[in-house]
Amino acid sequence: MSDPGFPRQRLPLVVAATIVAVAAVVAIAVGVNHAANVGVTRATPTPSLSPASSPSPTPQASLIPFASCSAATFGQPLAPLNPPTSVHKYASAPSFTIDATKLYQATIKTAKGDIVLCLQPQLAPNTVNNFVTLARNHFYDGIPFHRVVAGFVIQAGDPNCIGQVGPAPATPGDACGGGGPGYQFNDELPPKQAYVVGCVAMANSGANTNGSQFFICTANDTTLPKSYNLFGNVESGMSVALGIAQGDLMQSVTVAQQQ
């Protein structure tokens, strides 16, 4: 499974076969890029993990309803906590510091408006803890949305993409797409919700390779393999998310804890 432009952080590759008869039947495998290193054929969805491996059955999980942060009260944005010397480089995964019984509200400020996320530890506690830590320590400030695919996802969170992403159809710089915070953390699967419009999940490059890159679904992605830590949903600003274009910046990302 590979994509020359984005070798590490990606969603899975889906191969669409086009059979051409010329005297003999020739099969041509076509890899279609979608989100960060993702190929999806909507007509004939046949997800695969990589050309060399076969997907194994994914255990089913009981779905947990999405929480509503609009019904909760939140405090002021959380202050930095044990930030690294370099804002984009951690020596190891952060300690677990959130209150798993509380909701967290993250506000992504863009030039087009705010996207407000409701982060739900009940869905994936370690993933929420990771996002909260990075956001409160200003990791995401100034990072662009480097991959935007209409009717699928918008993706961001790679510090290597800063200054490397122009408006489409420009191709992001070679360094963009494979970066992260300097550590990886484990999957929390199977997801406890469906990949529907407005859900927030981590991008990865395979099992247990989560870091800082995340995506927001802009459509009901029913063919997406259950391989991505789903940890919240868009509380408000979905119209802003739908209007995000390649290269748009997350000017700042702040997070507050439920009171």
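Modeller: Here are the labels, one by one.

Modeller: This is a predicted model, where local features need pLDDT of at least 70, side-chain atom pairs count only at pLDDT 80 or more, and totals for chains, interfaces and linings use all residues. Residues are numbered from 1 along each chain as its sequence is written, and side-chain values use heavy atoms, with hydrogens and water left out.

Colleague: What makes C69 and C118 a disulfide?

Modeller: Their sulfur atoms are 2.1 Å apart. A disulfide is a pair of cysteine sulfur atoms within 2.5 Å, so the pair qualifies. The S-S torsion is about 80 degrees, so the link is right-handed.

Colleague: Why is C69 called buried?

Modeller: Its relative accessible area is 1%. Buried means under 20% (exposed is over 50%, partly exposed in between; 1.4 Å probe, protein chains only), so C69 counts as buried. C118, at 0%, is buried too.

Colleague: What joins C161 to C176?

Modeller: A disulfide, with S to S at 1.9 Å. Both cysteines lie in the loop between β6 (153–156) and β7 (199–202), so the bond ties parts 15 residues apart in sequence.

Colleague: What makes the largest nonpolar core a core?

Modeller: The term covers buried Ala, Val, Leu, Ile, Met, Phe, Trp, Tyr and Cys residues joined through side-chain atoms within 4.5 Å. The largest such set has 35 residues, including F131 and Y140.

Definitions and conventions: Helices (H or I, at least four residues) and strands (E, at least two) are DSSP runs, numbered from the N terminus.
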